[in-house]
Every structure is written in structure tokens, then in C-alpha cells.
Amino acid sequence: QVQLVESGGGLVQAGGSLRLSCSASGLTFSNYVMGWFRQAPGKEREFVGAISGRGDNTYYTDSVKGRFTISRDGAKNTVYLQMNSLNAEDTAVYYCAARLSDESRWYYWGQGTQVTVSS
């Protein structure tokens, strides 16, 4: 049974930083692209970024480029989202997701972790 469990969310002041973690189990971690998504109140879920199975490629939506960094640790089956220079528009529930490297559909999702940025 595949499980993705996020942690690290919380309340932070504008300009601050947070690091989210997503621990994966029940899958061959290196076979999966790991992604981060977020959903703000009243808005649709949006793609934040992703990292390839080997960790050698990363992708980000424009609004977070230069502020967010995704990394992964194969030994721990964990993917991270380092978020710097946070602003109120980053307030959302953040989800990690996994998809096979050669497919486009995100198969597995975590339960989400709340990030609130106070201005």
C-alpha cells in the first residue's frame, strides 16, 4: 500500500521560510517523479514543482521560481520543499504526489499540510 505523508506545515510570517517533507512508502521511490501541489481557499489545486526520479531535474511554476527548492533523499524515501521568502499568496494546503516517470497522471497523493503566511 502506497502512502505519502507530508509534514512541516505551520504558521510563518511573511518573508520567512518553511521546509515541508513528504515521506513515501510502499513504492520504488526512484521510479517516481515526486511533485508538490497546493490549494488555496476558494481556488483550484495548482502545480508547484516536481523532481525527477533521480533527482537531477526539477521543475517549478513561475510564481515560486527562485524562492522554492525541491530535493529528494533516496535513502529516506523523502522529498522536500524548501520555501523561502514566503508571502500571503503562498498560503494553502500543500500536497505531495507521485507519478511514474514515463506517465503524466499523478497516481498517489498525500493528505496535505497547511501552510499559513501572515502578513
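Which residue lies over the face of W109? That residue is R45, at 3.9 Å from the ring centre, where a charge counts as over a ring if NZ of Lys or CZ of Arg is within 6 Å of the ring centre and within 35 degrees of the ring normal. Please keep in mind that this is a predicted model, in which local features need pLDDT of at least 70 and side-chain atom pairs count only at pLDDT 80 or more, while totals for chains, interfaces and linings use all residues. Residues are numbered from 1 along each chain as its sequence is written, and side-chain values use heavy atoms, with hydrogens and water left out.

**Aromatic rings**

- The structure holds five aromatic pairs, counted when rings of Phe, Tyr and Trp (its six-membered ring) have centres within 6.5 Å, with planes under 30 degrees apart called stacked, over 60 edge-to-face and the rest tilted.
- One of them joins F37 and W109 in a tilted arrangement, 4.8 Å centre to centre with 55° between the planes.
- F37 belongs to strand β4 (residues 32-39) and W109 to strand β10 (residues 108-109), so this pair ties together parts that are 72 residues apart in sequence; helices (H or I, at least four residues) and strands (E, at least two) are DSSP runs, numbered from the N terminus.
- F37 is buried at 9% relative accessibility, whereas W109 is partly exposed at 31%; buried means under 20% relative accessible area, exposed over 50%, and partly exposed in between (1.4 Å probe, protein chains only).
- Y107 and Y108 also make a tilted pair, because their ring centres are 6.0 Å apart and their planes stand at 40°.
- Y107 is partly exposed at 31% relative accessibility, and Y108 is partly exposed at 29%.
- A single aromatic cluster takes in F37, F47, W106 and W109.
- Another charge over a ring is R72, which lies over the face of F29 at 4.1 Å from the ring centre.

**Salt bridges**

- Four salt bridges turn up in a search of the whole structure, each being a side-chain nitrogen of Lys or Arg within 4 Å of a carboxyl oxygen of Asp or Glu.
- In the bridge between E46 and R38, the closest N and O atoms are 2.6 Å apart; E46 is partly exposed at 32%, while R38 is buried at 5%.
- K65 and D62 meet at 3.0 Å, N to O, and D62 is exposed with a relative accessible area of 60%.
- R67 and D90 form a salt bridge at 2.8 Å, N to O.
- R67 sits in the loop between β6 (58-60) and β7 (68-73) and D90 in the loop between β8 (78-83) and β9 (92-100), so the pair ties together parts that are 23 residues apart in sequence.
- R67 and D90 are both buried.
- A network of salt bridges links R38, E46, R67 and D90.

**Strand β11 and its partners**

- Strand β11 (residues 113-118) has T113, V115 and V117 on its covered face and Q114, T116 and S118 on the uncovered one.
- Strand β2 (residues 10-13) pairs with β11 in the parallel sense over four bridges, pairing being called when DSSP finds at least two bridges between two strands.
- Opposite V115 of β11 stands G10.
- β9 pairs with β11 in the antiparallel sense over three bridges, and Y94 has T113 in β11 as its bridge partner.

**Positive phi in loops**

- Most residues other than glycine have a negative phi.
- N77, in the loop between β7 and β8, has a positive phi near 50° and is partly exposed at 22%.
- S85, in the loop between β8 and β9, has a positive phi of about 50° and is partly exposed at 43%.
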